[in-house]
Amino acid sequence: MQDTSKQYDAVIDTCKSLFVKKMSDYGSAWRILRLPSLTDQIFIKAQRIRSLQQNDVRKIDEGEASEFIGIINYCIMALIQLEKGVVDQPDLSTEEAKELYEKHIAITKQLMEDKNHDYGEAWRDMRVSSLTDLILQKLLRVKQIEDNKGKTLVSEGIDANYQDMINYAIFALIHLNEK
């Protein structure tokens with residue numbers, strides 16, 4: 001699991017670096033986005049990945065990796081929105097947003113480590129396409145929970161689904177980096 005932890009951190013370093021650079025360019029304009037809007041952004045990225053995996057022809061010169069990075073960063077934004085609520089005007093400095101990013105990724109990484117322990121790193125034997133499908137399934141679950149006004153009877157909440165999507169996207173990026 002030591003390799004997984006290092007690989008996980010390397011992926012997050014790349015994602016966080018892009019997040020911080022975009023914060024410098026755009027500020028925290030994303031803070032006005034409601035959760036369904038963030039969920040839809042993640043859905044678009046996951047759908048594009050699936051299309052890239054199924055189609056032989058690409059018309060835009062960006063591969064799966066950049067879309068998985070986008071999924072991770074949008075999921076972190078969603079977790080921040082769940083914690084802080086949606087605002088009418090951008091309200092976070094780059095430093096504040098970075099601290100919240102690191103807080104939520106630490107919680108999500110701990111979840112990964114706990115599940116990896118119990119599942120014996122089964123994700124290492126999975127295909128990237130299966131991880132994509134799991135992300136899409138989680139997105140459909142989140143959309144249903146959103147349609148139910150956040151209520152569930154026996155299922156985990158929206159936050160756990162965003163955390164799972166982050167971890168699946170990180171696993172996919174680790175696989176892509178190992179090719």
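Reader: How far apart are the end C-alpha atoms of residues 115-176, and how much of the span is helix and how much strand?
Author: The end C-alpha atoms of that span, residues 115-176, lie 21 Å apart, and the span is 71% helix and 0% strand. Helices (H or I, at least four residues) and strands (E, at least two) are DSSP runs, numbered from the N terminus. This is a predicted model, in which local features need pLDDT of at least 70, side-chain atom pairs count only at pLDDT 80 or more, and totals for chains, interfaces and linings use all residues. Residues are numbered from 1 along each chain as its sequence is written, and side-chain values use heavy atoms, with hydrogens and water left out.

Reader: What does UniProt list for residues 115-176?
Author: An unreviewed UniProt entry lists "domain: Nucleotide modification associated" for residues 22-82 and 115-176. UniProt positions are given in the numbering used here, feature names are shortened, and annotations may be inferred rather than shown by experiment.

Reader: What span should helix 6 have?
Author: Helix 6 covers residues 158-178 and should span 30 Å at 1.5 Å a residue; its end C-alpha atoms are 31 Å apart, which agrees. The expected span is 1.5 Å times one less than the number of residues.

Reader: And helix 4, how many residues does it have?
Author: Helix 4 has 26 residues and reaches 36 Å from its first C-alpha to its last, close to the 38 Å expected. Its buried residues include Ala97, Leu100, Tyr101, His104 and Ile105. On spacing, an α-helix has 3.6 residues a turn, so residues three or four places apart point the same way.

Reader: What follows helix 4?
Author: Gly120 does, with a positive phi near 65 degrees. Glu121 also has a positive phi, near 55 degrees, and is a residue other than glycine.

Reader: Where is Glu121?
Author: Glu121 sits in the loop between helix 4 (94-119) and helix 5 (128-147).

Reader: Is Glu121 buried or exposed?
Author: Glu121 is buried, with a relative accessible area of 17%. The side chains of Glu121 and Thr4 are joined by a polar contact of 2.4 Å. A polar contact is a pair of N or O atoms within 3.5 Å; within protein, one must be able to donate a hydrogen and the other to accept it, and residues adjacent in sequence count only if both atoms are side-chain atoms.

Reader: Switching to pockets: which residues lie nearest the centre of the largest pocket?
Author: Lys22, Tyr26, Trp30, Tyr74 and Met77 do, out of 15 residues that line the largest pocket. Helix 1 (2-26) and helix 3 (64-84) are the elements that give two or more residues to its lining. The space in the largest pocket is about 390 Å³.

Reader: How is a pocket defined?
Author: On a 1 Å grid over the protein atoms alone, a cavity is a set of points where a 1.4 Å probe fits but cannot get out, while a pocket is an open set with protein on both sides within 12 Å along at least five of seven lines; lining residues have an atom within 4 Å of a point. Grid points are joined across faces, edges and corners, and a volume is the space filled by probe spheres set on the points.

Reader: Which residues line the second largest pocket?
Author: Glu121 is one of them, and the lining also includes Met112, Asn116, Asp164 and Phe171. Helix 4 and helix 6 are the elements that give two or more residues to that lining. The volume of the second largest pocket is about 270 Å³.

Reader: Last topic: what about Lys149, buried or exposed?
Author: Lys149 is exposed, with a relative accessible area of 72%. Lys149 is in the loop between helix 5 and helix 6, and its phi is positive, near 60 degrees.

Notes. Buried < 20%, exposed > 50% of the residue type's maximum accessible area, 1.4 Å probe, protein only.
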